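Visitor: I am new to this structure and would like a short tour. Could you take me through it?
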Amino acid sequence: QVTLTSSTGNTAIGTQNTAVVTILDATVSVSVSPSIGSITEGGAAQRITVQLSSAMEQDLTVAFTLAGTAIEGADYPVLPRQVTIPGGLTSGFLDISAFDDNNIEPTETAIFTLVSTSLPNLAALHPDTNNRVSTVDIVDNDSEVIVSLSPGTASVTEGGSVTLLATLSRAVPTEVVGLLSLEGTATQGADYAVATSYTIPAGQRTSLPIVLSTIEDNVQEGEESVAVRLANVVATGVIPSTTTNSAIITINDNTAPVLPAVVSISPSQSTITEGGQTQAITISLDRPVSGDVSSVLTLAGTAVQGVDYTVPTGWTIQAGQRSVVLTLSTVQDTIVEATETVSLTLSNVFSNGASLVTVSNTQRDATVQILDDDVVAVAISSISGSVNVAEGDTAVCTVSLSSSVASVETISYTLDFSTTAEAADVTPPATPLSVSIPVGSTTASISIPILVDGVAEPEETFAVRLTTTTNTQLSQTQTVCLVTIAADVISSITPSVNVAEGDTAVCTV
């Protein structure tokens, strides 16, 4: 305090003659540490220190807030919201520890933030906001919980049920909900019904029953199966087992076995003649079935569909019926042909109903022979069935067909010297003895040269006889060509005549 006491000259001291001067301490900075700390559930505490840049004469109270993902009172004890630093000291503190629980949790945080001091004129918060905040990580000490599914395998008869259970390796304080995936040959909703999720109540290790109920359908279908597998778990820290995570359920059919209906074809053998004749082909079931039965015939053989015959290849036996009849019709032509065949074979059978159908092992084929009705007679064309020649001439016998054929016709013959002529009287043709009539033609010639032997002989004969054909038939009456070789005429004269002079010599020719 400064007080005026006296003055000189013409001045006087007034009533305001005192001034008070207050000497203040320098401003103190307040911060908190550590900026980041860590504690483990059930482990040692973390000390939070509030630090002054210098000591003060008076006590100082510093207030703070608490935030973060950890819950006060659940994850760590309830804490005061201030720290008091006694006069003469530079720091104060509080400790934070974490409760030990059985919850599977991620790392959580408790965040301390300085907000004010009790002597703001003497102590101010640190100007760097980072020095006003301390974050403590609370680390979980609980290992993952494994969920398993049991039983691993089970067998049930259609109409029955199987109960499955999901089990935790240890109980957790919160409810666990998991999902199930389904796969296999059986179908959900048709062969069985089961929930696709399960629930394990809080504090329990075993789920509520997971009941898989099979469906009675009276359909013959054989053994089926369904695999129930653990999928996602809606609970932190709970994971499905890698080894016991599925249940394989075998569903046994309880429907009495039904032998398949048998389809067959008849008649197995038949013969028809081309042109106008038909053959009924019957495809039959040994008993009616609930759905249409259909398939396609496989055709084979020497006859050609559309050329020699026509027959439908697709067929259907209507539901509830036992047979269907197909008509095989021959095609009329003018071609001389050998007997041809067509083979009709049952292929795989399809049924659009619930019935099972199979093809007979013994009556799956039908063979139809098609006889040709075109006949060409082979004849030898000559005058009165004979040819007259002289030695040195060529005997020509003409072979004729009543109509042309679709392929080369080869006709064999023999030379018959059983009458008066001999084989030495002719030059025989090359063997084998045969003649061919080209496609589109109806005639061919057999030529046999007659030898000149210079021997006076009477008239001689031999025959050309047709023996076999390839695709035609021999004539009933004209299968022989008779060749007549004219008698030889020899000129001669009396070799000698004896006469006397005055006589006449007479030579006889």
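This is a predicted model: local features need pLDDT of at least 70, side-chain atom pairs count only at pLDDT 80 or more; totals for chains, interfaces and linings use all residues.

Visitor: Which residues touch the most other members of the largest nonpolar core?
Guide: Val147, Tyr198 and Ile249 do, in a core of 29 residues.

Visitor: And which strands each supply at least two residues of this core?
Guide: They are S12 (145-150), S13 (153-157), S14 (161-168), S15 (176-183), S17 (197-200), S18 (210-214), S19 (224-234) and S21 (246-252).

Visitor: What lies apart from that core?
Guide: Another core, of 28 residues, lies apart from it, and its members include Ile48, Val62, Phe64 and Leu66. As background, nonpolar side chains tend to be buried together in soluble globular proteins.

Visitor: Which residues line the largest cavity?
Guide: The lining consists of Val32, Ile48, Val50, Phe64, Leu94, Phe112 and Leu114. By class, 7 are nonpolar, with no polar and no charged residues. Strand S5 (46-52) and strand S9 (108-117) each contribute at least two residues to this lining.

Visitor: New topic: how many disulfides are found in the whole structure?
Guide: The search finds 1 disulfide. Cys397 and Cys481 form it, with their sulfur atoms 2.2 Å apart.

Visitor: Why is the disulfide called left-handed?
Guide: The reason is that the torsion about the S-S bond of Cys397 and Cys481 is about -70 degrees.

Visitor: Is Cys397 buried or exposed?
Guide: Cys397 is buried, because its relative accessible area is 1% and buried means under 20%. Cys481 is also buried, at 0% relative accessibility. Cys507, by contrast, is partly exposed, with a relative accessible area of 45%.

Visitor: One last stop. Where does Leu356 lie?
Guide: Leu356 is in the loop between strand S30 (350-351) and strand S31 (357-359). Its relative accessibility is 47%, so Leu356 counts as partly exposed.

Visitor: How many residues apart in sequence are Leu356 and Ala261?
Guide: They are 95 residues apart in sequence, while their C-alpha atoms are 6.3 Å apart in space.

Technical notes
Residues are numbered from 1 along each chain as its sequence is written. Side-chain values use heavy atoms; hydrogens and water are left out. A disulfide is a pair of cysteine sulfur atoms within 2.5 Å. Buried means under 20% relative accessible area, exposed over 50%, partly exposed in between (1.4 Å probe, protein chains only). On a 1 Å grid over the protein atoms alone, a cavity is a set of points where a 1.4 Å probe fits but cannot get out, and a pocket is an open set with protein on both sides within 12 Å along at least five of seven lines; lining residues have an atom within 4 Å of a point. Helices (H or I, at least four residues) and strands (E, at least two) are DSSP runs, numbered from the N terminus. Ala, Val, Leu, Ile, Met, Phe, Trp, Tyr, Cys and Pro count as nonpolar, Asp, Glu, Lys and Arg as charged, and the others, Gly among them, as polar. A nonpolar core is a set of buried Ala, Val, Leu, Ile, Met, Phe, Trp, Tyr and Cys residues joined through side-chain atoms within 4.5 Å.
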